[in-house]
Amino acid sequence: PSGIKLFVGRLPHEVTEQQLRSLFQGVGEVKEVFVINQAPQGGCAFVRLATVEQAHRAIQELHDKPAPTQALYTPLQVTLAKGEFQRLGLEETSLEARKQELQHFALSAGLLPVRDLIDLVKDGLRSSSGFKQKWMSFCEWS
């Protein structure tokens, strides 16, 4: 099949193929739309656009942004569909690499390491003694 397949998640159950087609036509030539409304928390879809550039534009303009139609009220998840990275000869960033990148960013920005933040919150949940003081110190430090 020609074109680039995108995965679109976080869709309300009532979304229609025509609504998605209209939304994605704003970023490129839509070749195909396939809506799946079976997940209990919401639906998802696959949208095939004509070119890599159009797919990139769709991801940039629509991912994690509220859709401009009434029925699409939640921030959308728009990404290349599974397998498209390999088909296009692109390298998909592994989950572990993404975690390391995020931790590096947090440390360079002067944020607490994730483990320290988790321990801080767990201490507060276990007992209230000292939690308020630690939390205030964290808020003043950051």
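The legends below describe close-up views of a predicted model of one protein chain.

Residue numbers start from 1 along each chain as its sequence is written. Because the model is predicted, local features need pLDDT of at least 70 and side-chain atom pairs count only at pLDDT 80 or more, while totals for chains, interfaces and linings use all residues; side-chain values use heavy atoms, with hydrogens and water left out.

**View 1. The protein chain holds six helices and four strands.** Helices (H or I, at least four residues) and strands (E, at least two) are DSSP runs numbered from the N terminus, and along the sequence they follow the pattern β-α-β-β-α-β-α-α-α-α. Of the 142 residues, 28% count as buried, a term that stands for under 20% relative accessible area with a 1.4 Å probe, protein chains only. Contact means heavy atoms within 4.5 Å, and among contacts between residues at least 6 apart in sequence, 57% join residues at least 24 apart.

**View 2. Helix α2 (residues 52-62) has Gln54, Ala55, Ala58 and Leu62 as buried residues.** These residues lie on the same side of α2 because they cover an arc of only 100° around the axis, the arc being that of the directions from the helix axis to the C-beta atoms. The cover over the buried residues of α2 includes β1 (4-11), α1 (17-25), β3 (43-49) and β4 (77-80). After α2 comes aspartate 64, which has a positive phi, near 60°.

**View 3. The largest nonpolar core has 21 residues, of which Leu6, Val8, Phe24 and Leu49 touch the most other members.** A nonpolar core is a set of buried Ala, Val, Leu, Ile, Met, Phe, Trp, Tyr and Cys residues joined through side-chain atoms within 4.5 Å. At least two residues of this core come from each of β1, α1, β2 (30-36), β3, α2 and β4, and β1 gives the most, with four residues. When residues up to four places away in sequence are not counted, valine 8 touches Phe24, Cys44, Ala45, Val47, Leu76, Gln77 and Val78.

**View 4. Arginine 21 is a residue of helix α1.** Arginine 21 counts as buried because its relative accessibility is 19%. With its neighbours within four places in sequence left aside, arginine 21 is in contact with Val30, Glu32 and Val33.

Technical notes: Buried means under 20% relative accessible area, exposed over 50%, partly exposed in between (1.4 Å probe, protein chains only).
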